[in-house]
Amino acid sequence: MQSQELSSAPPKADQSSLVAIATLCVALLAVSFAPIFIRLSETELGANATVLNRLLVFLFVFGLGRLAWQRLTPAAPMEEAPSAPPLQQWLLLGSVGIISIISLVLWAISLQYTTVAKCMLLNNLTPIFTSLGSWILFGKRFDRRFLIGMAIALSGAIALGFEDLSKAEGLLIGDLLALLSAVFLGTYFLVVEQLRSSFSATTILLWRCAIGSLGLIPVVLVREPQMFPRSSVAIFAVLGLGIISEGFGQRLLADCMDRLSSSFVALFLLLEPIVSAILAWLIFIEKLSAVTWAGFAVVLTGIYLAQTSDAAMHEES
């Protein structure tokens, strides 16, 4: 009987992995809509105000939704009270919003000194920083299959960045700030991966949005002429950012990290600018070059190879 039980475990593990990959694909599609919504929002609002409204919409919709769910759903009887998360986990939870806002602010400042092409190119290095952090801080090991897959995916993403880099100019300080933004983004993925053992994805995102909003409000008051949208287009855009890109995108990304490693999630997100370009092609009729389609194929090949590695899975799964 025991051998039969053990033999049935791998299919269940494979099924949960497939569910996690499917969830990650839905999250990728949701976050890929962000540039579309941002373009529509910035017809009226500045960049900081757009991010602030994105966070506030998530807080309002999903925060109230969670309260309503807790009130309407009767509490199930518990045989044993769950242990409270340790202080270290609470400190990490409080740092989520700070880290993500630092990454966004560094990104915004870097755009004042360098080009979008350079920022995107340097942002593609996020999987390297996430993997280095996992190895240095948590001793995670990566096999040859994962490293080769990451190298292939990165080469495709960087090739796409070089396509737009021919006419790019900028100062070194802008490149350094964009690189720091990628470091903090990689740190954010690492922190979320650690928090998923103690907190739900919704709890993590609520804290991220609450702390991030508090940090952005004074910035918007000082630097932006307008805080909230008035036109129907901008209102639609910030609702899309808060509900679709943040609520389904970022929340589902965090949800995946109880099964998938943060390194693989960061690698998978190399597809985001490509999917966004395809969406812009469909919505705004923007042209896509042959290099974009080739880069898409290369990145997808690398991600598929990395996904077959044990390093793509969370070690505590």
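Biologist: In this predicted model, which residues form a nonpolar patch on the surface together with Trp135?

Modeller: The patch has about 630 Å² of accessible area together, and one of its members, Trp135, has its place in helix H6, residues 126–138. Trp135 counts as exposed because its relative accessibility is 53%, and exposed means over 50%.

Biologist: How wide is the arc that the buried residues of helix H2 cover around the axis?

Modeller: Helix H2 spans residues 34–41, and its buried residues include Ala34, Ile36, Phe37 and Ser41. These residues lie on the same side of H2, because the arc they cover around the axis is only 160°.

Biologist: How many residues apart in sequence are the parts that the pair of Trp90 and Phe199 ties together?

Modeller: A search of the whole structure finds 9 aromatic pairs, and among them is the edge-to-face pair of Trp90 and Phe199, with 5.0 Å centre to centre and 70° between the planes. Trp90 lies in helix H4 and Phe199 in the loop between helix H8 and helix H9, so the parts tied together are apart in sequence by 109 residues.

Biologist: Is the pair of Trp90 and Trp207 stacked, edge-to-face or tilted?

Modeller: The two ring centres of Trp90 and Trp207 are 6.0 Å apart, with the planes at 55°. Planes under 30 degrees apart would count as stacked and over 60 as edge-to-face, so the pair of Trp90 and Trp207 is tilted.

Definitions and conventions. Residues numbered from 1 in each chain as written. Predicted model: local features only at pLDDT ≥ 70, side-chain atom pairs only at ≥ 80, totals over all residues. Heavy atoms only, no water. Patch = residues over 30% accessible without salt bridge, like charges linked within 9 Å, V, L, I, M, F, W, Y side chains within 5 Å. Areas by Shrake-Rupley, 256 points an atom, 1.4 Å probe, with all protein chains shown as cover. Salt bridge = Lys/Arg side-chain N within 4 Å of Asp/Glu carboxyl O. Helix = DSSP H or I, 4+ residues; strand = E, 2+ residues; numbered from the N terminus. Buried < 20%, exposed > 50% of the residue type's maximum accessible area, 1.4 Å probe, protein only. Arc of directions from axis to C-beta. Phe/Tyr/Trp six-rings, centres within 6.5 Å; stacked < 30°, edge-to-face > 60°.
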